[in-house]
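Subject: Structure handover and findings

Hi,

Here is the structure for your files. Please load it before reading on.

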Amino acid sequence: MAANDQKLRTLYLMQILLEETDESHILNASELIGRLKVKYNMEADRRTVYGDIDVLERFGLSITQLKGKNPGYYVDSRDFELAELKLLVDAVQSSKFITEKKTRELIRKLETLCSRQEAEQLSREVLLYNRPKTKNETIYYNVDNIHSAMAGNRQITFQYAEWTTKAELRPKKNGAFYVVSPWRLTWDNENYYLIAYDEEAGKIKHYRVDKMQKMQILETERKGEDAFEAVNLTAFAKKTFGMFGGKDREVTLLCRNELAGVVIDRFGQDIWMIPEGPEHFKAKVMVTISPQFFGWVTGIGGKMKIAEPSDVQAEYREYIRGIIGLYE
């Protein structure tokens, strides 16, 4: 056998072990020899199989050999455990910004990271939920361009779109091009957002990546590094609801005790919380005042009240009156 064929045989054997073996699926030397012949038309004997397995173990492939009544070999450790792959599949499925087509492609790629039998188990548990999925494939190219721009310290330009009643994306500002300095990509409320510096406005803004069109990387260097570094991204994520902008205010919420978990999940464990009688507590939180924040409070219902400040209370009352007015 030629030297190149011997090297190929070792690689083919590794492929067989990775694809077909795990703790519950073991192949002995005879079965490995048979797989090499049928799948790759490659001749082998027990001695060469033992030698190839030794080479693969020295290379770093984690192989367990079982002896006794049912001897054989299997790969006992991989980069990803099956439970970890299931988590990744769940994340892909639940992401609205990943199209249905790309969802299936990514899941198929994830299945290659485990044995064929585990991949079948993974496939059986895959369920594409009846939930909104974007049909916009350009988001992947946008993300790639944004990363390239950040790596090259360059600005980007794009048109920013909004949805019409015909379920079509239409450029805002009559198709005008935005020019911004990209500083960070973040994932919030199942959507990808770009956090960037708008030099004309002189402040940090955020943009939905799936609504960015005709993006190009410019030759001009990014601006606004100091403004970006001044932004506490963790605090920004806590206080912003659905990435909608507004005034930042410290608000005191009066909540029933059973809402402690809800408040902590939203704002973190380091917020100011004190008891207020036997059934309530007060929490001071920094929020961006917006209809989305008011909608969050309204969704919780009578178990939460904006206690302070009075002007935010008044703004919330106007928000509620506006909704009630629609039904009168």
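Below are the findings, starting with the ground rules.

This is a predicted model, so local features need pLDDT of at least 70 and side-chain atom pairs count only at pLDDT 80 or more, while totals for chains, interfaces and linings use all residues. Residues are numbered from 1 along each chain as its sequence is written, and side-chain values use heavy atoms, with hydrogens and water left out.

**Salt bridges**

Side chains of opposite charge can pair when their charged atoms come close. A salt bridge here is a side-chain nitrogen of Lys or Arg within 4 Å of a carboxyl oxygen of Asp or Glu. A search of the whole structure finds 17 of them.

Start with D54 and R58. Their side chains form a salt bridge, at 3.1 Å from N to O. Both residues sit in helix α3 (residues 46-59), four residues apart, or about one turn of the helix. Helices are DSSP runs of H or I with at least four residues, strands are runs of E with at least two, and numbering goes from the N terminus. For exposure, buried means under 20% relative accessible area, exposed means over 50%, and partly exposed is in between (1.4 Å probe, protein chains only). D54 is partly exposed at 36%. R58 is exposed at 63%.

Next, K205 and D198. Their closest N and O atoms are 3.1 Å apart, in a salt bridge. K205 is partly exposed at 27%, whereas D198 is buried at 10%.

E258 and K303 also form a salt bridge, with the closest N and O atoms 3.7 Å apart. E258 is in the loop between β9 (247-256) and α10 (260-267), and K303 is in the loop between α11 (291-300) and β12 (304-308), so the pair ties together parts that are 45 residues apart in sequence. E258 is partly exposed at 46%. K303 is partly exposed at 38%.

Salt bridges link E19, E20, R35, K39 and R116.

E118 belongs to helix α6 (residues 116-125). Leaving out residues up to four places away in sequence, E118 touches D22, R78 and L82. Contact means heavy atoms within 4.5 Å.

**Strands**

Two strands pair if DSSP finds at least two bridges between them. β9 pairs with strand β11 (residues 280-289) in the antiparallel sense, over 10 bridges. T252 stands opposite K284 in β11. Strand β10 (residues 272-276) is also antiparallel to β11, over five bridges. There, P275 has F281 in β11 as its bridge partner. The hairpin of β10 and β11 has three residues between the strands, and G277 takes a positive phi near 80°.

**A nonpolar patch**

F80, L88 and L113 make a nonpolar surface patch of about 220 Å². Patches are made of residues with over 30% relative accessible area and no salt bridge; like charges are joined within 9 Å, and nonpolar side chains (Val, Leu, Ile, Met, Phe, Trp, Tyr) within 5 Å. Areas come from the Shrake-Rupley method with a 1.4 Å probe; for residues, only the protein chains shown count as cover. F80 lies in the loop between β2 (72-75) and α4 (82-94). F80 is partly exposed at 33%.

Best wishes
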